[in-house]
Amino acid sequence: MQAPDDFNPPPGLAIDLQPGLRRILASNPSAMTYRGTNTYLLGERNLAVIDPGPLSDAHLEAILDAVRPGQRISHIIVTHSHLDHSPLAAPLAARTGAPILAFGGPQAGRSEVMAQLARQGLAGGGEGIDTAFRPDIEVADGEVIAGDDWQLEVIHTPGHLGNHIALGWGDVCFTADHVMGWASSLVSPPDGDLTDFMQACHRLRAGDWAVFHAGHGAPITTPSERLDWLITHRLSREAQILAALEEQPGNARQLAERVYTDTPAALLPAAERNVFSHLVDLYGKSQVYTSDALSVDAMFSRAA
């Protein structure tokens with residue numbers, strides 16, 4: 001999953017990426033967050049903070065220290081409500097008076113099939129949901145968020161999470177966790193939906209982008225190539241799952257063990273969720289079948 005690179009900036013330091021754009025790395029490295037969460041500061045006077053990050057006093061002070069004389073934070077924009085992206089929004093708003101903008105709360109944008117799985121008791125896995133998160137202002141797909149010297153187009157990109165958005169700034173796109181350079185995005189039902197994820201990938205692929213700034217890892221300077229890889233990667237995994245089901249039926253755990261043969265045991269739960277996301281997508285496309293209720297434990301077969 002991981003692509004080798006030399007991305008390892010010092011946490012807490014505001015680094016200039018291009019005129020009007022800086023990045024601060026939060027000190028929360030992990031198997032899910034790579035070196036940590038990228039927080040972006042956009043603008044020259046009134047600043048937008050994109051993804052303030054995890055609840056961390058040190059990161060809060062790093063963001064505030066990056067505000068130069070004559071500048072102020074006017075917008076706090078959260079791409080999605082995972083615990084490594086949104087919890088610091090409220091403390092930052094309290095210190096600056098800036099409103100918090102996002103697509104919605106933790107369940108906003110969730111597809112009906114995922115809502116049904118949640119009602120059946122399926123809990124999320126992976127990075128953890130910021131269940132208390134609520135924006136001051138909800139933004140819609142296609143809406144433009146504007147400062148005095150910048151504007152961002154909201155692009156709803158569900159899949160990693162239902163309320164996930166990307167942000168277009170000219171030919172630059174802040175893709176958060178939908179497209180990253182260091183790994184493929186986790187899609188874990190009922191919070192993640194692979195059908196939505198793939199549709200959003202194709203939507204981004206139709207754009208004319210020069211660079212992607214992701215929620216984790218280095219800038220992606222070949223956006224189309226990265227999206228092509230990501231789409232091909234998912235289709236390849238789909239083919240592996242279908243081939244495994246040709247041999248014999250299985251549930252998500254059994255199929256993960258047969259498909260993810262080189263994955264360490266500690267990462268198999270995440271692999272199981274990824275397999276289940278594929279099974280739900282394939283079930284919706286009538287390519288697999290189960291006589292059980294749709295669940296992680298359901299036994300699946302290839303559809304006739």
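Predicted model: local features only at pLDDT ≥ 70, side-chain atom pairs only at ≥ 80, totals over all residues.
Modeller: Axes are lines fitted to C-alpha atoms, for helices over the stretch in contact, with angles from 0 to 180 degrees between N-to-C directions. Residues are numbered from 1 along each chain as its sequence is written, and side-chain values use heavy atoms, leaving out hydrogens and water.

Biologist: How are helix 5 and helix 7 oriented to each other?

Modeller: Helix 5 (residues 223-247) and helix 7 (residues 268-284) have axes that come within 10 Å and cross at roughly 80°. Angles of 65 to 115 degrees count as roughly perpendicular. Helix 5 and helix 7 are therefore roughly perpendicular.

Biologist: Nice! Which residues of helix 7 make the contact?

Modeller: Contact means heavy atoms within 4.5 Å. Helix 5 brings Arg 234, Arg 237, Glu 238, Ile 241, Leu 242 and Leu 245. From helix 7 come Asn 274, Val 275, His 278, Leu 279, Asp 281 and Leu 282.

Biologist: And the aromatic rings: how is the pair of Tyr 34 and Trp 182 arranged?

Modeller: The whole structure holds 5 aromatic pairs (ring centres within 6.5 Å; planes under 30 degrees apart are stacked, over 60 edge-to-face, the rest tilted). Here the centres are 4.7 Å apart and the planes are at 5°, so Tyr 34 and Trp 182 are stacked.

Biologist: Which residue joins Tyr 34 and Trp 182 in a cluster?

Modeller: Tyr 34 is buried at 7% relative accessibility (buried means under 20% with a 1.4 Å probe, protein chains only), and Trp 182 is buried at 7% as well. Ring pairs link Tyr 34 and Trp 182 into a cluster with Phe 7.

Conventions:
Phe/Tyr/Trp six-rings, centres within 6.5 Å; stacked < 30°, edge-to-face > 60°. Buried < 20%, exposed > 50% of the residue type's maximum accessible area, 1.4 Å probe, protein only. Helix = DSSP H or I, 4+ residues; strand = E, 2+ residues; numbered from the N terminus. Parallel < 35°, antiparallel > 145°, perpendicular 65-115°, else oblique.
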